Amino acid sequence: MRKLVNGLGVSEGLGLGQLLVMRPEVAPVNAQTENAEQALLALEKALGQALKELEVIYTEKVKTLGEDKAQIFQAHMMILQDPEWTKDIKEKISGDTKYTPEYAVHVSAEATANMFEAMDNAYFKERAHDIRDVARRIIRILRGETAVDLSAARPGTIVAAQDLTPSDTAQLKPENIVGIITAVGGKTSHSAIIARTLGIPAVMGIGKDAFDALESDKVTVVDGFSGELTLEPEQSEIQAVKERIEKYAAEREALKALVGKPSVTADGKTIEIASNIASPGDLKRVLENDSEGVGLFRSEFLFMDRTSAPDEEEQYEAYKAVLEGLGQRPVIIRTMDIGGDKEVPYLGMPEEMNPFLGYRAIRYCLEEPEIFRVQIRALLRAGIHGNLKIMLPMISGVSELRRAKAIIEDVKKELKNEAVSFNGAVPLGIMIEIPAAAIASDLLAKEVDFFSIGTNDLIQYTVAVDRMNENIASLYTAYHPAVLRLIRMTIENGHKAGIWVGMCGSVAGDLDLMPLLIGMGLDEFSMSPSNVLKARKRALEINQSEAHEKLDELLALPTAGDIENRLKALYPR
(Lines give C-alpha, C1' and ligand atoms only; values in the text may rest on other atoms or scores of the structure.)
Protein backbone atom coordinates (compact mmCIF):
# COMPACT_ATOMS: atom_id res chain seq x y z
CA MET A 1 0.00 0.00 0.00
CA ARG A 2 1.36 3.40 -1.00
CA LYS A 3 2.76 5.46 1.87
CA LEU A 4 4.69 8.73 2.09
CA VAL A 5 7.46 9.38 4.61
CA ASN A 6 9.15 12.73 5.10
CA GLY A 7 12.78 13.27 6.02
CA LEU A 8 15.59 15.57 4.92
CA GLY A 9 16.79 15.55 1.31
CA VAL A 10 20.56 15.57 1.79
CA SER A 11 21.83 14.40 -1.62
CA GLU A 12 20.09 15.40 -4.83
CA GLY A 13 18.63 12.94 -7.28
CA LEU A 14 15.89 10.33 -7.54
CA GLY A 15 16.24 6.66 -6.70
CA LEU A 16 13.78 3.94 -7.63
CA GLY A 17 14.55 0.47 -6.36
CA GLN A 18 14.09 -2.21 -3.74
CA LEU A 19 14.83 -1.68 -0.08
CA LEU A 20 17.64 -3.43 1.75
CA VAL A 21 16.95 -2.72 5.44
CA MET A 22 19.87 -3.09 7.83
CA ARG A 23 18.34 -3.77 11.24
CA PRO A 24 20.17 -3.36 14.56
CA GLU A 25 20.73 -6.83 16.06
CA VAL A 26 18.33 -8.09 18.73
CA ALA A 27 20.18 -9.49 21.77
CA PRO A 28 19.49 -13.14 22.66
CA VAL A 29 17.12 -13.73 25.60
CA ASN A 30 17.96 -15.79 28.66
CA ALA A 31 17.31 -19.41 27.65
CA GLN A 32 18.64 -22.87 28.45
CA THR A 33 19.61 -25.63 26.07
CA GLU A 34 18.00 -29.07 26.20
CA ASN A 35 21.04 -30.76 24.66
CA ALA A 36 24.40 -29.35 25.74
CA GLU A 37 26.37 -31.70 23.49
CA GLN A 38 24.45 -30.58 20.41
CA ALA A 39 24.77 -26.96 21.49
CA LEU A 40 28.56 -27.28 21.79
CA LEU A 41 28.74 -28.77 18.28
CA ALA A 42 26.66 -25.86 16.95
CA LEU A 43 29.03 -23.43 18.67
CA GLU A 44 32.14 -25.08 17.20
CA LYS A 45 30.60 -24.95 13.73
CA ALA A 46 29.68 -21.26 14.15
CA LEU A 47 33.17 -20.40 15.39
CA GLY A 48 34.68 -22.09 12.35
CA GLN A 49 32.34 -20.32 9.94
CA ALA A 50 32.97 -16.95 11.61
CA LEU A 51 36.73 -17.47 11.22
CA LYS A 52 36.34 -18.30 7.53
CA GLU A 53 34.22 -15.18 6.99
CA LEU A 54 36.81 -12.98 8.68
CA GLU A 55 39.66 -14.53 6.69
CA VAL A 56 37.83 -13.76 3.43
CA ILE A 57 37.02 -10.21 4.52
CA TYR A 58 40.58 -9.60 5.69
CA THR A 59 42.10 -10.83 2.39
CA GLU A 60 39.66 -8.70 0.38
CA LYS A 61 40.15 -5.55 2.47
CA VAL A 62 43.96 -5.83 2.27
CA LYS A 63 43.57 -5.56 -1.52
CA THR A 64 40.97 -2.78 -1.55
CA LEU A 65 41.76 -0.73 1.59
CA GLY A 66 45.35 -1.65 2.42
CA GLU A 67 47.02 -3.63 5.21
CA ASP A 68 46.50 -1.02 7.94
CA LYS A 69 42.75 -0.62 7.43
CA ALA A 70 42.35 -4.40 7.24
CA GLN A 71 44.03 -4.86 10.64
CA ILE A 72 40.71 -4.58 12.43
CA PHE A 73 39.59 -7.89 10.92
CA GLN A 74 42.84 -9.55 11.95
CA ALA A 75 42.14 -8.37 15.51
CA HIS A 76 38.67 -9.92 15.27
CA MET A 77 40.20 -13.25 14.24
CA MET A 78 42.47 -13.16 17.29
CA ILE A 79 39.48 -12.56 19.57
CA LEU A 80 37.60 -15.41 17.94
CA GLN A 81 40.49 -17.78 18.62
CA ASP A 82 41.14 -16.64 22.20
CA PRO A 83 41.08 -19.92 24.18
CA GLU A 84 40.09 -18.25 27.47
CA TRP A 85 37.05 -16.57 25.93
CA THR A 86 35.83 -19.63 24.02
CA LYS A 87 36.39 -21.78 27.13
CA ASP A 88 34.14 -19.44 29.13
CA ILE A 89 31.41 -19.67 26.48
CA LYS A 90 31.57 -23.48 26.46
CA GLU A 91 31.37 -23.64 30.26
CA LYS A 92 28.21 -21.54 30.15
CA ILE A 93 26.70 -24.13 27.79
CA SER A 94 27.86 -27.34 29.48
CA GLY A 95 28.00 -26.13 33.09
CA ASP A 96 25.23 -25.45 35.59
CA THR A 97 23.65 -22.60 33.64
CA LYS A 98 23.05 -24.76 30.50
CA TYR A 99 22.71 -21.62 28.35
CA THR A 100 21.86 -21.83 24.66
CA PRO A 101 24.95 -21.12 22.52
CA GLU A 102 23.51 -17.74 21.43
CA TYR A 103 22.90 -16.60 25.00
CA ALA A 104 26.23 -18.02 26.22
CA VAL A 105 28.11 -16.01 23.57
CA HIS A 106 26.13 -12.88 24.43
CA VAL A 107 26.63 -13.14 28.23
CA SER A 108 30.33 -13.97 27.96
CA ALA A 109 30.95 -11.18 25.42
CA GLU A 110 29.12 -8.59 27.54
CA ALA A 111 31.03 -9.56 30.69
CA THR A 112 34.37 -9.34 28.88
CA ALA A 113 33.44 -6.10 27.08
CA ASN A 114 32.26 -4.45 30.29
CA MET A 115 35.55 -5.38 31.94
CA PHE A 116 37.50 -3.71 29.13
CA GLU A 117 35.25 -0.63 29.20
CA ALA A 118 36.01 -0.14 32.89
CA MET A 119 39.72 0.25 32.13
CA ASP A 120 41.35 3.68 31.77
CA ASN A 121 43.35 2.64 28.71
CA ALA A 122 41.68 3.79 25.46
CA TYR A 123 43.07 0.83 23.51
CA PHE A 124 41.35 -1.66 25.83
CA LYS A 125 38.12 0.36 25.78
CA GLU A 126 38.09 -0.06 21.99
CA ARG A 127 38.54 -3.83 22.38
CA ALA A 128 35.10 -3.89 24.04
CA HIS A 129 33.59 -2.75 20.74
CA ASP A 130 35.52 -5.44 18.85
CA ILE A 131 34.40 -8.21 21.24
CA ARG A 132 30.75 -7.24 20.79
CA ASP A 133 31.23 -7.13 17.02
CA VAL A 134 32.71 -10.65 16.97
CA ALA A 135 29.91 -11.89 19.26
CA ARG A 136 27.26 -10.48 16.91
CA ARG A 137 28.86 -12.36 14.01
CA ILE A 138 28.80 -15.69 15.93
CA ILE A 139 25.20 -15.14 17.08
CA ARG A 140 24.10 -14.30 13.53
CA ILE A 141 25.62 -17.56 12.27
CA LEU A 142 24.01 -19.56 15.09
CA ARG A 143 20.65 -18.05 14.16
CA GLY A 144 21.15 -18.93 10.52
CA GLU A 145 20.99 -15.30 9.44
CA THR A 146 22.90 -13.95 6.46
CA ALA A 147 25.31 -11.04 6.84
CA VAL A 148 24.50 -7.84 4.96
CA ASP A 149 27.30 -7.24 2.46
CA LEU A 150 26.71 -3.82 0.92
CA SER A 151 29.53 -4.34 -1.58
CA ALA A 152 27.53 -7.27 -3.02
CA ALA A 153 24.19 -5.44 -3.15
CA ARG A 154 22.37 -6.05 -6.42
CA PRO A 155 21.75 -3.21 -8.90
CA GLY A 156 18.75 -1.08 -8.01
CA THR A 157 19.22 -1.35 -4.23
CA ILE A 158 18.12 1.32 -1.77
CA VAL A 159 19.99 0.94 1.52
CA ALA A 160 18.11 1.81 4.71
CA ALA A 161 19.87 1.90 8.08
CA GLN A 162 19.67 3.50 11.50
CA ASP A 163 22.84 5.28 10.38
CA LEU A 164 25.75 4.33 8.14
CA THR A 165 29.21 3.98 9.65
CA PRO A 166 32.33 4.90 7.63
CA SER A 167 32.94 1.15 7.16
CA ASP A 168 29.41 0.76 5.78
CA THR A 169 29.89 3.61 3.32
CA ALA A 170 33.24 2.17 2.22
CA GLN A 171 31.31 -0.80 0.82
CA LEU A 172 28.85 1.28 -1.24
CA LYS A 173 29.06 0.91 -5.01
CA PRO A 174 27.28 3.80 -6.78
CA GLU A 175 26.57 1.60 -9.79
CA ASN A 176 24.39 -0.67 -7.61
CA ILE A 177 23.07 1.63 -4.85
CA VAL A 178 20.37 3.98 -6.15
CA GLY A 179 19.35 5.49 -2.83
CA ILE A 180 20.18 5.83 0.87
CA ILE A 181 17.77 6.23 3.80
CA THR A 182 18.72 6.70 7.45
CA ALA A 183 16.69 7.11 10.62
CA VAL A 184 19.03 9.77 12.00
CA GLY A 185 21.35 12.41 10.57
CA GLY A 186 21.09 15.61 8.61
CA LYS A 187 22.66 17.46 5.69
CA THR A 188 26.06 17.73 7.34
CA SER A 189 26.31 14.19 8.75
CA HIS A 190 29.12 12.06 7.37
CA SER A 191 26.64 9.70 5.74
CA ALA A 192 25.21 12.70 3.88
CA ILE A 193 28.65 13.94 2.85
CA ILE A 194 29.57 10.50 1.47
CA ALA A 195 26.21 10.21 -0.34
CA ARG A 196 26.80 13.54 -2.09
CA THR A 197 30.39 12.65 -2.94
CA LEU A 198 29.22 9.38 -4.52
CA GLY A 199 26.26 11.08 -6.21
CA ILE A 200 23.70 8.78 -4.54
CA PRO A 201 20.24 10.27 -3.77
CA ALA A 202 19.66 10.27 0.00
CA VAL A 203 16.94 11.03 2.52
CA MET A 204 17.96 11.11 6.18
CA GLY A 205 16.45 11.79 9.58
CA ILE A 206 13.16 9.97 8.92
CA GLY A 207 12.94 8.97 12.59
CA LYS A 208 12.85 5.65 14.45
CA ASP A 209 9.16 4.85 13.94
CA ALA A 210 9.28 5.35 10.17
CA PHE A 211 12.52 3.36 9.95
CA ASP A 212 11.09 0.47 11.99
CA ALA A 213 8.17 0.24 9.54
CA LEU A 214 10.44 -0.25 6.48
CA GLU A 215 10.57 -3.73 4.92
CA SER A 216 13.30 -5.20 2.73
CA ASP A 217 12.49 -5.88 -0.95
CA LYS A 218 9.66 -3.31 -1.04
CA VAL A 219 9.76 -0.98 -4.05
CA THR A 220 10.53 2.55 -2.89
CA VAL A 221 11.23 5.99 -4.34
CA VAL A 222 13.91 8.17 -2.70
CA ASP A 223 13.54 11.85 -3.56
CA GLY A 224 16.78 13.55 -2.56
CA PHE A 225 15.38 16.92 -3.66
CA SER A 226 12.28 17.05 -1.44
CA GLY A 227 13.30 14.59 1.27
CA GLU A 228 10.26 12.45 0.56
CA LEU A 229 10.06 8.66 0.40
CA THR A 230 7.29 6.89 -1.46
CA LEU A 231 6.82 3.34 -0.22
CA GLU A 232 5.18 0.87 -2.61
CA PRO A 233 4.28 3.50 -5.24
CA GLU A 234 1.44 2.97 -7.72
CA GLN A 235 2.38 1.88 -11.23
CA SER A 236 1.50 5.31 -12.61
CA GLU A 237 3.87 6.91 -10.06
CA ILE A 238 6.67 4.51 -10.97
CA GLN A 239 6.36 5.56 -14.60
CA ALA A 240 6.37 9.26 -13.63
CA VAL A 241 9.48 8.75 -11.48
CA LYS A 242 11.25 6.92 -14.31
CA GLU A 243 10.54 9.91 -16.57
CA ARG A 244 11.90 12.29 -13.92
CA ILE A 245 15.03 10.13 -13.54
CA GLU A 246 15.56 10.21 -17.32
CA LYS A 247 15.06 13.97 -17.37
CA TYR A 248 17.53 14.46 -14.53
CA ALA A 249 20.05 12.20 -16.30
CA ALA A 250 19.59 14.25 -19.51
CA GLU A 251 20.22 17.46 -17.56
CA ARG A 252 23.38 15.95 -16.08
CA GLU A 253 24.50 14.91 -19.57
CA ALA A 254 23.87 18.41 -20.93
CA LEU A 255 26.13 19.84 -18.24
CA LYS A 256 29.05 17.98 -19.82
CA ALA A 257 29.11 20.74 -22.44
CA LEU A 258 30.69 22.88 -19.69
CA VAL A 259 33.63 20.51 -19.24
CA GLY A 260 36.84 22.37 -20.03
CA LYS A 261 35.14 25.75 -19.79
CA PRO A 262 36.21 28.34 -17.19
CA SER A 263 34.01 29.13 -14.18
CA VAL A 264 33.04 32.76 -14.72
CA THR A 265 30.09 35.00 -13.92
CA ALA A 266 27.94 36.70 -16.54
CA ASP A 267 30.08 39.85 -16.24
CA GLY A 268 33.39 37.99 -16.50
CA LYS A 269 34.40 37.54 -12.84
CA THR A 270 36.48 34.35 -12.54
CA ILE A 271 35.78 32.06 -9.61
CA GLU A 272 37.12 28.63 -8.72
CA ILE A 273 34.82 25.64 -8.29
CA ALA A 274 36.54 22.79 -6.48
CA SER A 275 35.57 19.50 -4.82
CA ASN A 276 35.50 18.09 -1.30
CA ILE A 277 36.96 14.59 -0.94
CA ALA A 278 37.72 12.07 1.81
CA SER A 279 40.25 9.75 0.15
CA PRO A 280 42.34 9.23 -3.00
CA GLY A 281 39.52 6.96 -4.18
CA ASP A 282 37.36 10.06 -4.75
CA LEU A 283 39.72 11.39 -7.45
CA LYS A 284 37.81 9.64 -10.25
CA ARG A 285 34.66 11.66 -9.52
CA VAL A 286 36.67 14.89 -9.15
CA LEU A 287 38.14 14.44 -12.64
CA GLU A 288 34.90 13.21 -14.23
CA ASN A 289 33.14 16.37 -13.09
CA ASP A 290 35.96 18.67 -14.28
CA SER A 291 36.60 20.13 -10.86
CA GLU A 292 39.19 22.91 -10.79
CA GLY A 293 40.87 21.41 -7.76
CA VAL A 294 40.23 20.01 -4.31
CA GLY A 295 39.06 22.63 -1.84
CA LEU A 296 38.92 20.20 1.05
CA PHE A 297 40.61 16.83 1.52
CA ARG A 298 39.24 15.57 4.86
CA SER A 299 42.43 13.84 6.00
CA GLU A 300 40.78 12.50 9.18
CA PHE A 301 39.18 9.72 7.12
CA LEU A 302 42.67 8.22 6.83
CA PHE A 303 42.63 7.86 10.63
CA MET A 304 39.18 6.29 10.97
CA ASP A 305 38.04 2.64 10.93
CA ARG A 306 41.37 1.23 12.07
CA THR A 307 43.19 0.31 15.29
CA SER A 308 46.18 2.66 15.03
CA ALA A 309 47.10 5.92 13.34
CA PRO A 310 48.47 5.83 9.79
CA ASP A 311 52.23 6.30 9.84
CA GLU A 312 54.13 8.96 7.91
CA GLU A 313 54.68 6.79 4.83
CA GLU A 314 51.05 5.78 4.49
CA GLN A 315 49.92 9.39 4.80
CA TYR A 316 52.61 10.56 2.37
CA GLU A 317 51.48 8.04 -0.25
CA ALA A 318 47.82 9.06 0.11
CA TYR A 319 48.58 12.79 -0.22
CA LYS A 320 51.01 12.15 -3.08
CA ALA A 321 48.38 10.14 -4.99
CA VAL A 322 45.89 13.00 -4.84
CA LEU A 323 48.45 15.67 -5.75
CA GLU A 324 49.83 13.71 -8.69
CA GLY A 325 46.33 12.81 -9.84
CA LEU A 326 45.37 16.48 -10.11
CA GLY A 327 48.57 17.78 -11.70
CA GLN A 328 48.83 21.52 -11.11
CA ARG A 329 45.28 21.96 -9.90
CA PRO A 330 45.27 23.14 -6.26
CA VAL A 331 44.69 20.62 -3.48
CA ILE A 332 43.82 21.87 0.01
CA ILE A 333 44.45 19.20 2.63
CA ARG A 334 42.95 19.87 6.04
CA THR A 335 44.93 18.52 8.97
CA MET A 336 43.02 15.90 10.92
CA ASP A 337 39.71 17.17 12.28
CA ILE A 338 39.07 14.44 14.84
CA GLY A 339 36.47 14.83 17.58
CA GLY A 340 32.86 16.00 17.66
CA ASP A 341 30.96 13.37 15.65
CA LYS A 342 34.20 11.77 14.36
CA GLU A 343 35.41 9.35 17.01
CA VAL A 344 38.76 7.58 16.79
CA PRO A 345 38.93 5.35 19.89
CA TYR A 346 42.62 4.43 19.67
CA LEU A 347 43.58 8.10 20.16
CA GLY A 348 42.22 7.95 23.71
CA MET A 349 40.31 11.23 23.53
CA PRO A 350 38.26 11.71 26.72
CA GLU A 351 34.47 11.49 26.74
CA GLU A 352 32.98 14.97 26.97
CA MET A 353 29.60 16.51 27.77
CA ASN A 354 29.75 18.55 24.56
CA PRO A 355 32.38 17.18 22.17
CA PHE A 356 31.59 19.71 19.42
CA LEU A 357 32.81 22.45 21.76
CA GLY A 358 35.58 20.38 23.25
CA TYR A 359 38.95 18.76 22.77
CA ARG A 360 39.04 18.31 19.00
CA ALA A 361 40.80 19.17 15.74
CA ILE A 362 43.69 21.65 16.18
CA ARG A 363 43.13 21.68 19.95
CA TYR A 364 43.97 17.99 20.13
CA CYS A 365 46.91 18.37 17.72
CA LEU A 366 48.50 21.14 19.77
CA GLU A 367 48.31 19.03 22.93
CA GLU A 368 49.44 15.84 21.14
CA PRO A 369 52.07 17.36 18.86
CA GLU A 370 53.70 14.07 17.84
CA ILE A 371 50.70 12.88 15.82
CA PHE A 372 50.45 16.40 14.33
CA ARG A 373 54.15 16.48 13.45
CA VAL A 374 53.90 13.13 11.63
CA GLN A 375 51.06 14.50 9.51
CA ILE A 376 52.90 17.76 8.76
CA ARG A 377 56.03 15.81 7.76
CA ALA A 378 53.98 13.70 5.35
CA LEU A 379 52.25 16.77 3.92
CA LEU A 380 55.43 18.79 3.36
CA ARG A 381 57.12 15.81 1.72
CA ALA A 382 54.11 15.22 -0.54
CA GLY A 383 54.10 18.93 -1.41
CA ILE A 384 56.82 18.43 -4.03
CA HIS A 385 54.38 16.36 -6.12
CA GLY A 386 51.74 18.99 -6.87
CA ASN A 387 49.99 22.20 -5.91
CA LEU A 388 49.47 21.62 -2.19
CA LYS A 389 47.92 23.97 0.35
CA ILE A 390 47.67 23.04 4.05
CA MET A 391 44.62 24.09 6.08
CA LEU A 392 44.19 24.10 9.87
CA PRO A 393 40.71 23.43 11.31
CA MET A 394 38.97 24.84 14.39
CA ILE A 395 41.22 27.88 14.82
CA SER A 396 39.66 30.32 17.29
CA GLY A 397 42.34 32.99 17.51
CA VAL A 398 45.84 34.17 16.67
CA SER A 399 47.64 32.55 19.64
CA GLU A 400 46.40 29.08 18.64
CA LEU A 401 47.41 29.72 15.04
CA ARG A 402 50.90 30.84 16.01
CA ARG A 403 51.44 27.71 18.11
CA ALA A 404 50.55 25.56 15.10
CA LYS A 405 52.78 27.62 12.80
CA ALA A 406 55.70 27.19 15.21
CA ILE A 407 55.34 23.41 15.04
CA ILE A 408 55.20 23.52 11.24
CA GLU A 409 58.36 25.63 11.09
CA ASP A 410 60.10 23.25 13.48
CA VAL A 411 59.16 20.29 11.27
CA LYS A 412 60.63 22.10 8.25
CA LYS A 413 63.94 22.51 10.09
CA GLU A 414 63.86 18.84 11.05
CA LEU A 415 63.32 17.73 7.45
CA LYS A 416 66.05 20.06 6.24
CA ASN A 417 68.53 18.68 8.79
CA GLU A 418 67.65 15.14 7.68
CA ALA A 419 68.22 16.12 4.01
CA VAL A 420 64.67 14.94 3.18
CA SER A 421 63.05 16.48 0.08
CA PHE A 422 60.06 18.68 0.92
CA ASN A 423 58.24 21.80 -0.16
CA GLY A 424 59.00 24.55 2.33
CA ALA A 425 56.79 27.11 0.58
CA VAL A 426 53.42 25.34 0.91
CA PRO A 427 50.71 28.00 1.48
CA LEU A 428 49.02 27.80 4.88
CA GLY A 429 45.38 28.65 5.50
CA ILE A 430 42.76 28.19 8.17
CA MET A 431 39.11 27.26 8.32
CA ILE A 432 36.83 30.00 9.57
CA GLU A 433 34.23 27.92 11.38
CA ILE A 434 34.08 29.50 14.85
CA PRO A 435 32.30 32.87 15.22
CA ALA A 436 35.31 34.20 17.17
CA ALA A 437 37.52 33.52 14.14
CA ALA A 438 35.10 35.30 11.81
CA ILE A 439 34.92 38.33 14.10
CA ALA A 440 38.72 38.40 14.45
CA SER A 441 39.30 37.57 10.77
CA ASP A 442 41.04 40.94 10.23
CA LEU A 443 43.70 39.83 12.73
CA LEU A 444 43.94 36.25 11.46
CA ALA A 445 44.22 37.35 7.82
CA LYS A 446 47.63 38.90 8.55
CA GLU A 447 48.96 35.47 9.60
CA VAL A 448 47.90 33.18 6.72
CA ASP A 449 47.74 32.80 2.95
CA PHE A 450 44.02 32.04 2.63
CA PHE A 451 40.74 31.47 4.45
CA SER A 452 38.19 28.73 3.81
CA ILE A 453 34.82 29.18 5.48
CA GLY A 454 33.53 25.98 7.07
CA THR A 455 29.81 26.67 7.18
CA ASN A 456 28.75 23.33 8.71
CA ASP A 457 30.19 24.29 12.10
CA LEU A 458 29.93 28.06 11.67
CA ILE A 459 26.14 27.78 11.46
CA GLN A 460 25.77 25.50 14.47
CA TYR A 461 28.05 27.62 16.65
CA THR A 462 26.45 30.91 15.58
CA VAL A 463 22.82 29.83 15.94
CA ALA A 464 23.45 27.40 18.86
CA VAL A 465 21.88 24.46 17.02
CA ASP A 466 23.25 20.92 17.11
CA ARG A 467 23.50 20.12 13.40
CA MET A 468 22.88 16.41 14.09
CA ASN A 469 19.57 17.01 15.93
CA GLU A 470 16.63 16.48 13.56
CA ASN A 471 14.21 17.98 16.14
CA ILE A 472 15.62 21.48 15.56
CA ALA A 473 16.75 21.03 11.97
CA SER A 474 14.61 23.97 10.81
CA LEU A 475 16.73 26.34 12.92
CA TYR A 476 19.94 25.17 11.25
CA THR A 477 20.08 27.50 8.25
CA ALA A 478 22.75 29.39 6.37
CA TYR A 479 20.19 32.09 5.55
CA HIS A 480 20.20 33.39 9.14
CA PRO A 481 21.19 37.09 8.95
CA ALA A 482 23.91 36.61 11.61
CA VAL A 483 25.55 33.76 9.69
CA LEU A 484 25.53 35.72 6.43
CA ARG A 485 26.94 38.80 8.12
CA LEU A 486 29.83 36.75 9.55
CA ILE A 487 30.53 35.30 6.08
CA ARG A 488 30.54 38.76 4.52
CA MET A 489 32.83 40.10 7.27
CA THR A 490 35.28 37.24 6.73
CA ILE A 491 35.43 37.76 2.95
CA GLU A 492 35.90 41.51 3.27
CA ASN A 493 38.63 41.18 5.93
CA GLY A 494 40.44 38.55 3.87
CA HIS A 495 40.41 40.73 0.77
CA LYS A 496 41.58 43.80 2.71
CA ALA A 497 44.63 41.79 3.79
CA GLY A 498 45.26 40.63 0.22
CA ILE A 499 44.36 36.94 0.68
CA TRP A 500 41.75 34.89 -1.15
CA VAL A 501 38.70 33.44 0.59
CA GLY A 502 36.97 30.16 -0.21
CA MET A 503 34.18 28.09 1.28
CA CYS A 504 34.19 24.34 1.81
CA GLY A 505 31.04 23.75 3.89
CA SER A 506 27.82 22.36 2.40
CA VAL A 507 26.59 25.93 1.81
CA ALA A 508 29.16 26.28 -1.00
CA GLY A 509 27.00 23.90 -3.07
CA ASP A 510 23.72 25.75 -2.38
CA LEU A 511 22.83 27.11 -5.82
CA ASP A 512 20.10 29.39 -4.42
CA LEU A 513 22.62 31.09 -2.11
CA MET A 514 25.34 31.26 -4.77
CA PRO A 515 24.32 34.73 -6.12
CA LEU A 516 24.68 36.22 -2.63
CA LEU A 517 28.09 34.59 -2.10
CA ILE A 518 29.30 35.76 -5.52
CA GLY A 519 28.03 39.22 -4.64
CA MET A 520 30.10 39.11 -1.46
CA GLY A 521 33.17 38.34 -3.56
CA LEU A 522 33.79 34.71 -2.52
CA ASP A 523 36.75 33.50 -4.60
CA GLU A 524 36.40 29.71 -4.34
CA PHE A 525 33.49 27.30 -3.87
CA SER A 526 34.28 23.73 -2.83
CA MET A 527 31.52 21.14 -2.90
CA SER A 528 30.62 17.55 -3.71
CA PRO A 529 32.06 16.60 -7.13
CA SER A 530 28.58 15.90 -8.52
CA ASN A 531 27.62 19.57 -8.02
CA VAL A 532 30.60 21.17 -9.78
CA LEU A 533 29.14 21.50 -13.29
CA LYS A 534 25.75 22.65 -11.95
CA ALA A 535 27.55 25.37 -10.00
CA ARG A 536 29.52 26.40 -13.11
CA LYS A 537 26.26 26.74 -15.04
CA ARG A 538 24.73 28.75 -12.21
CA ALA A 539 27.73 31.13 -12.10
CA LEU A 540 27.26 31.93 -15.79
CA GLU A 541 23.76 33.24 -14.98
CA ILE A 542 24.88 35.67 -12.25
CA ASN A 543 26.17 39.22 -12.74
CA GLN A 544 28.67 39.73 -9.93
CA SER A 545 28.46 43.54 -9.92
CA GLU A 546 24.66 43.55 -9.75
CA ALA A 547 24.69 40.87 -7.03
CA HIS A 548 27.11 43.02 -5.01
CA GLU A 549 24.76 46.01 -5.24
CA LYS A 550 21.90 43.98 -3.72
CA LEU A 551 23.90 42.86 -0.66
CA ASP A 552 22.82 45.62 1.73
CA GLU A 553 19.17 45.15 0.82
CA LEU A 554 19.31 41.39 1.41
CA LEU A 555 21.31 41.50 4.65
CA ALA A 556 18.93 44.12 6.09
CA LEU A 557 16.03 41.62 5.94
CA PRO A 558 15.08 40.41 9.43
CA THR A 559 14.61 36.64 9.03
CA ALA A 560 16.20 33.69 7.25
CA GLY A 561 12.91 33.04 5.44
CA ASP A 562 12.78 36.62 4.17
CA ILE A 563 16.32 36.39 2.79
CA GLU A 564 15.74 32.99 1.18
CA ASN A 565 12.47 34.05 -0.48
CA ARG A 566 13.92 37.35 -1.73
CA LEU A 567 16.96 35.56 -3.19
CA LYS A 568 14.75 33.07 -5.05
CA ALA A 569 12.65 35.93 -6.42
CA LEU A 570 15.74 37.86 -7.58
CA TYR A 571 17.57 34.83 -8.98
CA PRO A 572 15.08 32.12 -10.03
CA ARG A 573 16.42 28.85 -11.42
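**Close-up views of a predicted model**

View 1. Ala361 belongs to the loop that runs between strand β11 (330–334) and helix α12 (362–367). The phi angle of Ala361 is near 50°, which is a positive value in a residue other than glycine.

**View 2. Asp217, a partly exposed residue with a positive phi.** The loop between helix α8 (208–212) and strand β7 (219–223) contains Asp217. Here phi is near 75°, again a positive value in a residue other than glycine. With a relative accessibility of 47%, Asp217 counts as partly exposed, because this class lies between the limits of 20% for buried and 50% for exposed.

**View 3. The crossing of helices α3 and α4.** Helix α3 spans residues 83–94 and helix α4 spans residues 101–117; their axes come within 9 Å and cross at roughly 135°. The two helices are therefore oblique to each other, and α3 passes α4 in a right-handed crossing. On the α3 side, the contact is made by Trp85, Asp88, Ile89, Lys92 and Ile93. On the α4 side, the residues in contact are Pro101, Ala104, Val105, Val107, Ser108, Ala109 and Thr112. Sorted by class, the contact of α3 with α4 comprises 8 nonpolar, 2 polar and 2 charged residues.

**View 4. Thr100, in the loop between α3 and α4.** Thr100 is located in the loop that lies between these two helices, α3 and α4. Its relative accessible area is 16%, so Thr100 is buried. Which residues is Thr100 in contact with, leaving aside its neighbours within four places in sequence? They are Ala31, Gln32, Thr33 and Ile93. Ile93 also takes part in the contact of α3 with α4.

**View 5. Cys365 and Cys504, two cysteines in no disulfide.** How many disulfides does a search of the whole structure find? The search finds 0. Cys365 is in no disulfide, and the cysteine sulfur nearest to it, that of Cys504, is 16 Å away. Cys504 is likewise in no disulfide, its nearest cysteine sulfur being that of Cys365, 16 Å away. A disulfide requires a pair of cysteine sulfur atoms within 2.5 Å. Cys365 counts as buried, at 0% relative accessibility. Cys504 is buried too, with a relative accessible area of 3%.

Note on methods. Residues are numbered from 1 along each chain as its sequence is written. This is a predicted model: local features need pLDDT of at least 70, side-chain atom pairs count only at pLDDT 80 or more; totals for chains, interfaces and linings use all residues. Side-chain values use heavy atoms; hydrogens and water are left out. Buried means under 20% relative accessible area, exposed over 50%, partly exposed in between (1.4 Å probe, protein chains only). Axes are lines fitted to C-alpha atoms, for helices over the stretch in contact, and angles run from 0 to 180 degrees between N-to-C directions. Helices (H or I, at least four residues) and strands (E, at least two) are DSSP runs, numbered from the N terminus. Angles under 35 degrees count as roughly parallel, over 145 as roughly antiparallel, 65 to 115 as roughly perpendicular and the rest as oblique. A crossing is left-handed if the near helix is turned anticlockwise from the far one by less than a right angle, and right-handed if clockwise. Contact means heavy atoms within 4.5 Å. Ala, Val, Leu, Ile, Met, Phe, Trp, Tyr, Cys and Pro count as nonpolar, Asp, Glu, Lys and Arg as charged, and the others, Gly among them, as polar.
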